[in-house]
Amino acid sequence: MNSVFSAKDIALRTELREFFRTQIPEDIRNKVSAGRPLTKKDYVVSQQILNAQGLAVPHWPQEWGGKGWSGVQLYIYTEELQRNSVPLPLQFNCYMIGPVIAAFGSEAQKHRFLPRAANLDDWWCQGFSEPGAGSDLASLRTSAVRTADGYLVNGQKAWTTYAQYADWIFCLVRTDTTAKKQAGISMVLIDMKSPGVTVRPVITVDGRHEVNEVFFDNVLVPFDNLVGEENRGWDYAKFLLANERSGIARIGLSKERMERVRRLAKQTPCGEGSLWDSEAFRQRYISVELELKALEHTQIGILSRQDGSDGKPDPASSILKVRGSRLQQAATDLLLEVAGPEGLRTLTSIADPCQCPETEDEPALAIATYLNFRKVSIYGGSNEIQRNIIAKTILEL
Amino acid sequence: MIAFPTDEQRMLEATLVSMIADLGAADAGDLPLETWATMAATGLQTLALPENIGGLAGSYADMAVVMRELGKVPGDTSYFPSAVLGSSLLAKTARPEQLEALAAGLLDGTVILAPALAEPGARYDPFCVATRASARSGGFALTGLKSLVPGGALATHFIVAARVAGAKTERDGIALFLVPASIPGVQVKPYPATDGSQDADLCLQDVCLDAAARLDASAREADEIAFANDLAIAMLAAEATGAMDAVCELTVDYLKVRKQFGTSIGSFQVLQHMAVDMYMDVEQARAMTDYAIAMLDAEPEDRTMALLGAKAFLNSAAQRIGETAVQLHGAIGMTHESRVGRLFQRLTRFRLRYGDTNHCLSILAGIDRSILEI
């Protein structure tokens, strides 16, 4: 890998690695590595340490704390975070609403929200999907009606990750019911403490509580909380999703997980020796590694082309989403096989998953992680939607 | 460092594109046999030769540009065996006077090389050499069989691997000899190939050579053979990438023009998604090929591991891309006259050359190291 990076980039990598390994508490990194759920406090502690060094939002505009790094440098940063099992700065804050407010928000919104988002003083969640609007997001029906005091919001959002921790939600709402689908949508920022907001947990197949339903019942939202212009929300959402996709390959995460697979397979007794002694297992493992290698170089190629251009998201980044999610899933599948029959013991408590016993061992976590990771080919625009995007924008079919 | 195409490489690409068009092979038909002479007139066949004998002394990335463009068009040329593999091996192992003696012919294209390294039954082991070079009256006598010699049917000179010592599969004891195709005892047996490839088997019976015919690798022959193997993988990968590019483009175009059920078949989502999967494979194959080429300059251990990994990945990509292209074309894609069918042959040949998937994965599975680290 070193053969494709400059000396300056390699020095940055070393510096970041040192910082992450020495400054982020080990117990938090161990939880991430083992696939244990993190508490809200874990996320906050970790992100605030990063933010104190300007490492929570290096990709933001420089006046809001960005570092002005190249795409390749940002890639190295993300990969080092993931390889060292540092919790990623909260995606909703740092990769979704932050860049949108920085690009389209009012000055007041920037001052009010951006520093707190970077420092995770405010926890944001994403109000896009609805029961009737998944891949067909523009079918959303949550409405915002103008009144003298502000927008009156009514409706329901679905699959809202960590709404139970959130202080704020950025929502797509319908402000014009007469316009064509995409044209009548706006983006509003809603305080989760507003009267009329209800959060209901949804427990997923892994036994965990990550996602929620969020209900809005006559919630009053000040006009100041509109992002950009009314009825332009779809443009901001597209901007947000394109940013999200380029970070979605999670190559560093898959690399870290593959290292774990290798380490655990060597420790797992099987026949006379270990599971790693099985050539069939090793060959399947290597096939995933090779795909990861190819994806890494595809990603670096896309990034360096971007560094040399106007910085607009490359439609080829849909490749990263489709292939990257598949590899994340392949790695969790290998972990499941390393666990073998031991993986049948799922110890995660449904009532309060964060209270899972410290003794919970890695095989028991494997099945939860495997089940949980079905999400990565569904969220952020399902892999089938990504294929539609490539067919239309690149192949022009 | 990430390698961007240099201005020279862009020019090289443009030169090839117009040359292929002039040869009448841009849209249909094969590269004709005179392709080699046409290329030789421009000096492109000297990229692997040093400047002191008049070569262009290009980089591996330069050669890969040529291979990629040639890969887009069916038909075999001597470029890979002679200009890439043969010239590179010669430049690394020939003594100055040996190189000097061949220089004029190499520069005007009348000397055409073919590396004769592999042997029957060796599968992918480049060190499995049974051909013997026995000392005879101040020189050598070569006897043995060489198989699957690339470009063997058109070569004027072979670079033959033969044993001066050691047992059949030993790494040490192999020497390299420059053998003219026309001397007594050399029998060239081309075999018919539907894809137009010009490979041949070689039967050597008491071929008498001067001591000066031995190339001087200062006992590094095995290292040079290992390098040639890796170079072959990288350059055929570049050729395959060209074929993949062409196949993908042909298929997407076909989806737009072919009508069934009253509409272009490209409007069907199931076919769109197959085409997208193919496109993604092509993009990743390109990235992996660039990696393979960059790794030719790495330390031997890293280099060989990287090239084996790249080959295993590219074999699978070549298979998926070729099969999908034929499937999306329907029956027309299976015809010998269709370009997509001809390039499918090339992609299938690629999978079997210098390491099939089983070979690559078996070796990688025996190395306790991750390719993600190199």
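Visitor: How much area do chain B and chain A bury between them?
Guide: Buried area is the accessible area (1.4 Å probe) that two parts lose on being put together, summed over both. Of the area buried here, 63% is on carbon and sulfur atoms. The total for chain B and chain A is about 3600 Å².

Guide: This is a predicted model, in which local features need pLDDT of at least 70, side-chain atom pairs count only at pLDDT 80 or more, and totals for chains, interfaces and linings use all residues. Residues are numbered from 1 along each chain as its sequence is written, chains are lettered from A and ligands numbered from 1 in the order in which they are written, and side-chain values use heavy atoms, with hydrogens and water left out.

Visitor: How many residues does the contact take from chain B and from chain A?
Guide: Contact means heavy atoms within 4.5 Å. The contact takes 42 residues from chain A and, from chain B, 36 residues.

Visitor: How many salt bridges does the rule find across the interface?
Guide: The rule asks for a side-chain nitrogen of Lys or Arg within 4 Å of a carboxyl oxygen of Asp or Glu. Arg387(A) and Asp277(B) form such a pair, with their closest N and O atoms 2.8 Å apart. Across the interface of chain B and chain A the number of salt bridges is five.

Visitor: Which helix gives the most to the side of chain B that touches chain A?
Guide: Helices are DSSP runs (H or I, at least four residues), numbered from the N terminus. On this side, α6 (221-257), α7 (269-294), α8 (300-329) and α10 (357-365) of chain B each supply at least two residues. With 14 residues, the one that gives the most is α7(B).

Visitor: What is the volume of the largest cavity?
Guide: A cavity is a set of points on a 1 Å grid over the protein atoms alone where a 1.4 Å probe fits but cannot get out. Grid points are joined across faces, edges and corners, and the volume is the space filled by probe spheres set on them. The structure holds four cavities of 30 Å³ or more, and the largest has about 270 Å³.

Visitor: Which helix gives the most to the lining of the largest cavity?
Guide: Lining residues have an atom within 4 Å of a point; there are 22, with Glu239(B) and Arg346(B) among those nearest the centre. With four residues, the helix that gives the most is α9(B).

Key: 1 Å grid on protein atoms, 1.4 Å probe; cavity = no way out; pocket = protein on both sides within 12 Å on 5 of 7 lines; lining within 4 Å.
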